[in-house]
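Student: I would like to learn how to read a protein model from its geometry, one feature at a time. Could you take me through this one?

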Amino acid sequence: MTNLLLNVEQLGIQFGGLKAVQNVDMQLFEGELIGLIGPNGAGKTTTFNMLTGVYAPTTGSITFQNEKISGLDPYKVTQKGISRTFQNIRLFKELTVLENVEVANHSLATHGIIASILRLPSFFKGEQKMEDESLAFLKIFGLDTYKDEFAKNLPYGMQRRLEIARALAANPRLLLLDEPAAGMNPQETHELMELIAFIRKEFNLTILLIEHDMNLVMGICERIYVLDHGQLIADGTPEEIRSNPKVIEAYLGEEVVE
Amino acid sequence: MKKSKVFWAYVAIAIIVYAVVQFSMSSGMIGSYYSNMLIIMCVNIILAVSLHLIIGITGQFSIGHAGFMAVGAYISAIVTMKLDLPFIVAIVAAGVVALFAGLLIGIPTLRLRGDYLAIATLGFAEIIRIVIVNIDYVGGAAGMTVSRQTTWTYAFFAMVITIIVIANYTKSRHGRACIAIREDEIAADAMGINTTYYKVVAFAIGAFFAGVAGAIFSHQLFFIQPTSFGFLKSFDILIYVVLGGLGSLSGSVLAAVLLTIVSTYLAEFPETRMIIYSLVLILVMLYRPTGLLGTKEITQFFKFGKKGGKNV
């Protein structure tokens, strides 16, 4: 819990004249489970997009494991050990459940293009390894019985879980979950919370979570950052956040605070 | 184990088809009219399958495929006619040079998406054609005479090798990366796939086989000229892929076979040829908007193994 894993300093991005996010400072330590909350349009997903390289920040820097990662391409950020899920599910619809996970497992095997075309022994070994590994992830998420199903045919809740399984298969140190419980019923949300707690222990992960479901965030996060209008307005333990007047104001409007 | 049995069954079918046609040709049962059609069919299948890798698998809408075919046709003609080297050397050289042309064109243009990429590739194919028109060494606009060296054996085995290479590539981690790019480029990127690299690889492999097809085509025709490789040729190839079903290898093969037969027979009715050809296309698109086979492979319609089989 002591090593600094991700250090975000003065992060900001501007689209034309719009400052979508500005002056965001964040420190994530190894093994933490952190929440990132805020009203709609506060810049949570934009922050995720900067952390994962989808957007290049206009100001500030991101340091991951003592290495500057701001400005890297998304696939390089992933290879460094940050992987993510998407708010609006982005599975590979026409690939099977197993293949979805295998795509994220890409760098696990090393067989090259020539070996694949000529079907050399390294191809069979590599593909077998990828399949075994991917199946192990699917088992954890209870999706192994659907491995040959196309991803688009899965029910909504399972698609959400498959996204997390796929993100895990990319072998991250830091996992970014963008509203993993969106659209789930309380029962499913509860199961998801347990699952998140489990994979965090099992894979020794640090997790940053965007979520609207306050019960989920307050229930499992150790620390919470609150964004509003592109700026951090508070950070602290769930209790501190719950009683912070600025946060209540941002969520419920000024009148309530009086 | 069951999968490898299926693979050997395919090999056996391929050898039987080859042997039967070869025997019929040498015994004169198939005349030069039909043997010409069969060889052109092989060329069209190679073109269709190589473009299938770029459009159907990787999802990059490239419509300049005839440009690479032109590169292959002219390079191979130079190798055999000007340098007097054997035909097999010419085929390999055609593929390799077309591959480099693919890299040259692919690296800058594959940053573009959708319509922009289509326009850029179309433009590059036209540039290749115009460059050839202006090179006197290969006869310029008047064209170039090539000796007929293509045989059924060359055409058929080039086709089989193309299909095996592209099918094997598709069913590997590299092929999955390409499909992931087609399905969702942002998600593929976020999963650690170097999307630019895989787009360029698909483009280069596609260009290589288009070059091979060009070599076989030019040595079948006696005579090549730049107009044979204009954008109408590119659209012909595009039609095979779309008509067969985007993402289906066997679909593009099937479409190439059917359309080659249709256009060969229609050559006897030059006045109505394009009308009937267009009608066939419109009818197929009306009744099978996803193409003849959709995204499925022909084997999925039979009971060969389970769907989405992993190893060949």
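**Reading the model, from domains to single residues**

Tutor: The domain assignment of chain A gives domain 1 (1–81 + 172–258) and domain 2 (87–171), where the bounds come from an automatic or database domain assignment. Please keep in mind that this is a predicted model, in which local features need pLDDT of at least 70 and side-chain atom pairs count only at pLDDT 80 or more, whereas totals for chains, interfaces and linings use all residues. Residues are numbered from 1 along each chain as its sequence is written, while chains are lettered from A and ligands numbered from 1 in the order in which they are written.

Student: How many residues of domain 1 of chain A are in contact with domain 2 of chain A?

Tutor: Two residues are in contact if their C-beta atoms, placed from the backbone, lie within 7 Å. By that criterion 15 residues of domain 1 of chain A meet eleven residues of domain 2 of chain A, and the centres of these two domains, taken over C-alpha atoms, are separated by 26 Å.

Student: Which elements give two or more residues to the domain 1 side of chain A?

Tutor: Elements are DSSP runs numbered from the N terminus, namely helices (H or I, at least four residues) and strands (E, at least two). On the side of domain 1 that touches domain 2, the elements giving two or more residues are α2, β7 and α7 (186–202) of chain A, and β7(A) gives the most, with three residues. That side divides into eight nonpolar, four polar and three charged residues, with Ala, Val, Leu, Ile, Met, Phe, Trp, Tyr, Cys and Pro counted as nonpolar, Asp, Glu, Lys and Arg as charged, and the others, Gly among them, as polar.

Student: How do I read a sheet, and in what order do the six strands of the open sheet in chain A come?

Tutor: Strands of a sheet pair through backbone hydrogen bonds, either parallel or antiparallel. Here two strands count as paired if DSSP finds at least two bridges between them, and the six strands form an open sheet of mixed pairing in the order β6-β7-β8-β3-β9-β10 (chain A). The edge strands, each pairing on one side only, are β6 (82–84) and β10 (231–236) of chain A.

Student: What does β3(A) pair with in the parallel sense?

Tutor: Strand β3 (residues 33–37) of chain A pairs in the parallel sense with strand β8 (residues 206–210) of chain A over four bridges, and G35(A) stands opposite L209(A) in β8(A). Four bridges also join β3(A) to β9(A), again running parallel, and there L36(A) stands opposite Y225(A).

Student: Is β3(A) mostly covered or mostly open?

Tutor: A residue is buried if 20 or more other C-beta atoms lie within 10 Å of its own, exposed if 12 or fewer, and partly exposed in between. Four of the five residues of β3(A) are buried, so the strand is mostly covered by this definition. Helix α1 (residues 44–51) of chain A, which lies across β3, β6, β7 (174–178), β8 and β9 (223–228) of chain A, runs at about 150 degrees to β7(A); axes are lines fitted to C-alpha atoms, for helices over the stretch in contact, and angles run from 0 to 180 degrees between N-to-C directions. α1(A) is also mostly covered, with seven of its eight residues buried, among them F48(A), M50(A) and L51(A).

Student: Which residues other than glycine have a positive phi?

Tutor: Most residues other than glycine have a negative phi, and most peptide bonds are trans. Among the exceptions here is N23(A), with a phi near 50 degrees, which lies in strand β2 (residues 18–29) of chain A and counts as partly exposed because it has 14 C-beta neighbours inside 10 Å. Another is H229(A), with a positive phi of about 50 degrees, which lies in the loop between β9 and β10 of chain A and has 15 C-beta neighbours inside 10 Å, so H229(A) is likewise partly exposed.

Student: Which residues touch the most other members of the largest nonpolar core?

Tutor: In soluble globular proteins, nonpolar side chains tend to be buried together. A nonpolar core is a set of buried Ala, Val, Leu, Ile, Met, Phe, Trp, Tyr and Cys residues joined through C-beta atoms within 7 Å. The largest one has 162 residues, of which I46(B) and A48(B) touch the most other members. Helix α9 (residues 195–221) of chain B gives the most to this core, with 17 residues. Domain 1 and domain 2 of chain A both give residues to this core, so it lies between them.
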